[in-house]
Amino acid sequence: MLRRLLRRVSGTTVFMWLIGIAMLVVVVWGVYATLSSGRYKASDWIDLTVYGIAQGSVYALIALGYTLVYGILRMINFAHSEVFMSGPFIGYFVAMALSQSGFFNRQPFVSLIIVLLVAMTVSTTIAVLLERIAYRPLRRAPRLVPLITAIGASYFLQYTFLGLFGSGIKGYPEVAQLKGYWPFPGTSSGILRTQAVVIVSAFVMLAILYVFVQRTKTGKAMQAVSEDKDAAALMGIDVDRIIVITFVVGGALAGAAGVLYALLFKQVKFDMGFLPGIKAFTAAVLGGIGNVNGAMLGSLFLGISESLFPNLVLDGLGLPAPYQLKDALAFIMLVAVLIFRPTGILGERLAVKKA
Amino acid sequence: MALLELQDIHTYYGAIHALKGISIHVDEGEIVTLIGANGAGKSTTLNTICGLQHPRSGSVTLKGESIQHLPAHEIVTRGVAQAPEGRRVFGRLNVTENLEMGAFVRVDKDGIKRDMERVFTLFPRLKERAKQVAGTLSGGEQQMLAIGRALMASPRLLLLDEPSMGLAPILVEAIFDTITEINAQGTTVLLVEQNALIALSVASRGYVMETGSIRLADTAEALRNNEMVRRVYLGET
């Protein structure tokens, strides 16, 4: 009995499980040490969680762009981080113009909506152009080819923005009404106003997207195309049109995410897309790439963990400046998920589905 | 005038010459069958009609209008629908949603509703499973769904690719009874089958394909009695 079990379990599996157990022990130990030291109050954890949700909801908007495109073209659109960057970048100039004319101070929320619409339009345009120019001609090429093209397009866009607008950090005008806290009633803690706005707007957009994909005819056609392009064409679905719509939706969400990101961090830069882009991609993989709900879930999970874990786990282990390690932590989580659950949290096995 | 006519169709898969001058026609109200062995070019013929493959030369005409240059999604709007080989239902959508996809090009809500009822009458099993995700249906149910989905386009011409594939004999019989019924309700059917026996029993005419060409063309009755067909496709000695 035991011998048969041993024969089935290879050395690599055992090794992987040892790594897994070791990681778990480190996490539990770190959490225990942190909590028993009593260095943080409950309100600190609430602040960190709220920050994580804000961050995660921005990731979710970006991650949907990756996951929708992957679902339909089986391709990672690595230029998506530049789709994300381009919207708020152009939005910055609009915001500055509004600010100089004094309109921004008089009507901050109308101005923000104008900036948001401009950013969404720019990002959508870039996404559609990418599809038309860089990806569609390669539709029948081996899968590695559009992937390389996407990386090329990503750098092309980054350096175009660098060349046109310079490498400096551009600060977004601040909205006076969004400074400070809204207190939680009955407690000593509160929520940063910008974070509240970011979370609410992101969740509204996620809800709209969810209803669009699950309930509308076009959304269902997107699902049909992602499952079987030829069968979808036989239903009279114009596959090319659905692909364009997918890039439009992904682009618009990325542009919106960009403005929310700029609200949180109050600045834009030509390479601002890289890290959130790769984090959102990580989140999409965590949730199960190609799966819309997975992307949302994975993003919130990643946002909250990278906000909580440095203090919760690493602090207890006595590491100096644990917060600097949050990016490393995000990618450790990616690797761990890829090892122990390659399909992601909600993902299905592609191999099984193809058979 | 024939409803559908293929004239001297040559279709290539890359360098492979898959159809070598196919000419067939289907008249209004008929069931016509295309039989032949694996790789004879039966599915390629259907895909050429549907626009999933484009012929290098030759013409496909529907009611006298040539359609061979049109993309697949536009051919559906002209009244041609296919239940493809291997069913290819949308596994993550439920039965009703699959049927809705079949009616994708239509805007007449009442007509769609009526056709949905019609499909549920033809296949009561689908009605029972209306909210079930299609990927969890049995093979027979998926075949019913594939045919029902094609009917939802309200086609003048229904193309069926191997509806008997992988099904138990009793189910095959039920499916073919329904095909006869669909035809009796006024839909013209072009049926591709490896199961020549059952195909020739429901069809009025048939074509026998071999390696990309039409070998024989005759009434179903005559083909059933043809020496070569009996030997090669009906397995008689």
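Chain A has an average pLDDT of 90, and 97% of its residues score at least 70. One stretch of chain A calls for some care: over residues 350-355 the pLDDT is below 50. Beyond near neighbours in sequence, residues 350-355 of chain A have 1 contact in the model. Where pLDDT is low, the predicted coordinates should not be read in detail.

Chain B is divided into two parts. Domain 1 takes in residues 1-79 together with 158-237, while domain 2 covers residues 86-154. Between the C-alpha centres of these two domains of chain B the distance is 23 Å. Where the domains meet, 12 residues of domain 1 of chain B are in contact with 9 residues of domain 2 of chain B. On the domain 1 side, H2, strand S7 (157-161) and helix H7 (169-184) of chain B each supply at least two residues. H7(B) gives the largest share of that side, with 5 residues. Sorted by class, the side of domain 1 of chain B that touches domain 2 of chain B holds 8 nonpolar, 3 polar and 1 charged residues.

Turning to the sheet, 4 strands of chain B form an open arrangement in the order S2-S1-S4-S5, with antiparallel pairing. Strands S2 (16-26) and S5 (65-66) of chain B stand at the edges; each has a single partner strand, so one side of each is left without a neighbour in the sheet. Strand S1 (residues 4-13) of chain B runs antiparallel to strand S4 (residues 57-62) of chain B, and 5 bridges join the two. Within this pair of strands, Leu4(B) stands opposite Leu62(B) in S4(B). Helix H1 (residues 42-50) of chain B packs on the sheet and touches S1, S2 and S4 of chain B. The direction of H1 of chain B makes about 70° with that of S2(B).

The last topic is the contact between the two chains. Here, 20 residues of chain B are in contact with 14 residues of chain A. Helix H2 (72-77) and helix H3 (95-102) of chain B each supply at least two residues of the side that touches chain A. By class, that side of chain B comprises 11 nonpolar, 5 polar and 4 charged residues.

Note on methods
Residues numbered from 1 in each chain as written. Chains lettered and ligands numbered in written order. Predicted model: local features only at pLDDT ≥ 70, side-chain atom pairs only at ≥ 80, totals over all residues. Pairing = 2+ DSSP bridges. Contact = placed C-beta atoms within 7 Å. Axes fitted to C-alpha atoms, helices over the stretch in contact; angles between N-to-C directions. Nonpolar A, V, L, I, M, F, W, Y, C, P; charged D, E, K, R; others polar. pLDDT = per-residue confidence, 0-100. Domains from an automatic or database assignment.
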